[in-house]
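These are my notebook entries on a single chain, looked up contact by contact.

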Amino acid sequence: MDSELLALSASVGAACRQHQLLLATAESCTGGWAAQVITHTAGSSEWFERGFVTYSNPAKVDMLGVRQETLDRHGAVSPETAAEMAAGALKNSKAMISLAITGIAGPTGGSPGKPVGTVCFAWCRVGETAVAETAVFGGDREAVRRQAVLHALRGLLVRLDAA
């Protein structure tokens, strides 16, 4: 396992324990990679509640409650969808904080408005509105996915440190 990812996961775990928060993940383009990094961390069962891999649009609707209207209007790769994924991860788990990742890892699937490497993220705490953002990463499929996991965990750590 990548040492940078492991160190970040350990920091997220320490912050979750400090604030007594359980985490849930909702992933699409990363296919559970964030959950894999988290569960590679010894003791993660103390702070990681569950992960959702919702690669297809029907899975996003069925498992996370993403509205079909959101998918139709904004697409699967949008801050709006990421926000609904993060909120849905909380609603469908016992977690108190969540992260969501949805994007276009490539090598195909991009468009002029959403090129390959576009990834949308969201983070949400129980009782709060999800915060979403979009980033565009370079490199091949593996590089885009790795950068997405790093970005998601770094964003989560920022929000945990601000708690």
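**Entry 1. Salt bridges**

I counted a salt bridge wherever a side-chain nitrogen of Lys or Arg lies within 4 Å of a carboxyl oxygen of Asp or Glu. By this rule I found seven salt bridges. I note at the outset that the model is predicted.

I looked up R67 and its partners. The side chain of R67 meets that of E69 in a salt bridge at 3.9 Å, N to O, and R67 also forms a salt bridge with E84, at 3.0 Å, N to O. E84 belongs to helix α5 (residues 79-91) whereas R67 is in the loop between α3 (57-64) and α4 (68-74), so this pair ties together parts 17 residues apart in sequence. I checked the exposure of each partner. R67 is partly exposed at 45% relative accessible area, and E69 is partly exposed at 43%. E84 has a relative accessibility of 18% and therefore counts as buried, the limit being under 20%.

E69 has a further salt bridge, to R73, at 3.4 Å, N to O. R73 and E69 are four residues apart in helix α4, so about one helical turn separates them. R73 is exposed, with a relative accessible area of 60%.

Elsewhere I recorded a network of salt bridges that links D2, E4, R146 and R154.

**Entry 2. Aromatic rings**

Ring pairs join F121, W123 and F137 into a cluster.

Which residue has its charged end over the ring of W123? I found R159 there, 4.0 Å from the ring centre.

**Entry 3. Nonpolar cores**

I then examined the largest nonpolar core, which has 33 residues; V12, L23, I101 and F121 touch the most other members. At least two residues of this core come from each of α1 (3-19), α2, β3 (97-103), β4 and α6. Helix α6 gives the largest share, nine residues. I listed the contacts of F121 beyond four places in sequence; among them are A82, I101, V131, F137, A148 and H151. A second, separate core holds 20 residues, including A24, A26, L90 and A130.

I looked up A34 in helix α2 (residues 33-40). A34 is buried, with a relative accessible area of 0%. Leaving aside neighbours within four places in sequence, I found A34 in contact with E27, I101 and V149. I also recorded that A34 and L150 are 116 residues apart in sequence but 8.3 Å apart in space, C-alpha to C-alpha.

Is T118 buried or exposed? I noted a relative accessibility of 5%, so T118 counts as buried. T118 is in strand β4 (residues 118-125). The side chain of T118 reaches the backbone oxygen of P115 at 2.7 Å. Beyond four places in sequence, T118 touches V77, G103, I104, T134, A135 and V136.

Notes:
Residues are numbered from 1 along each chain as its sequence is written. This is a predicted model: local features need pLDDT of at least 70, side-chain atom pairs count only at pLDDT 80 or more; totals for chains, interfaces and linings use all residues. Side-chain values use heavy atoms; hydrogens and water are left out. Buried means under 20% relative accessible area, exposed over 50%, partly exposed in between (1.4 Å probe, protein chains only). A polar contact is a pair of N or O atoms within 3.5 Å; within protein, one must be able to donate a hydrogen and the other to accept it, and residues adjacent in sequence count only if both atoms are side-chain atoms. Contact means heavy atoms within 4.5 Å. Rings of Phe, Tyr and Trp (its six-membered ring) pair if their centres lie within 6.5 Å; planes under 30 degrees apart count as stacked, over 60 as edge-to-face and the rest as tilted. A charge sits over a ring if NZ of Lys or CZ of Arg is within 6 Å of the ring centre and within 35 degrees of the ring normal. A nonpolar core is a set of buried Ala, Val, Leu, Ile, Met, Phe, Trp, Tyr and Cys residues joined through side-chain atoms within 4.5 Å.
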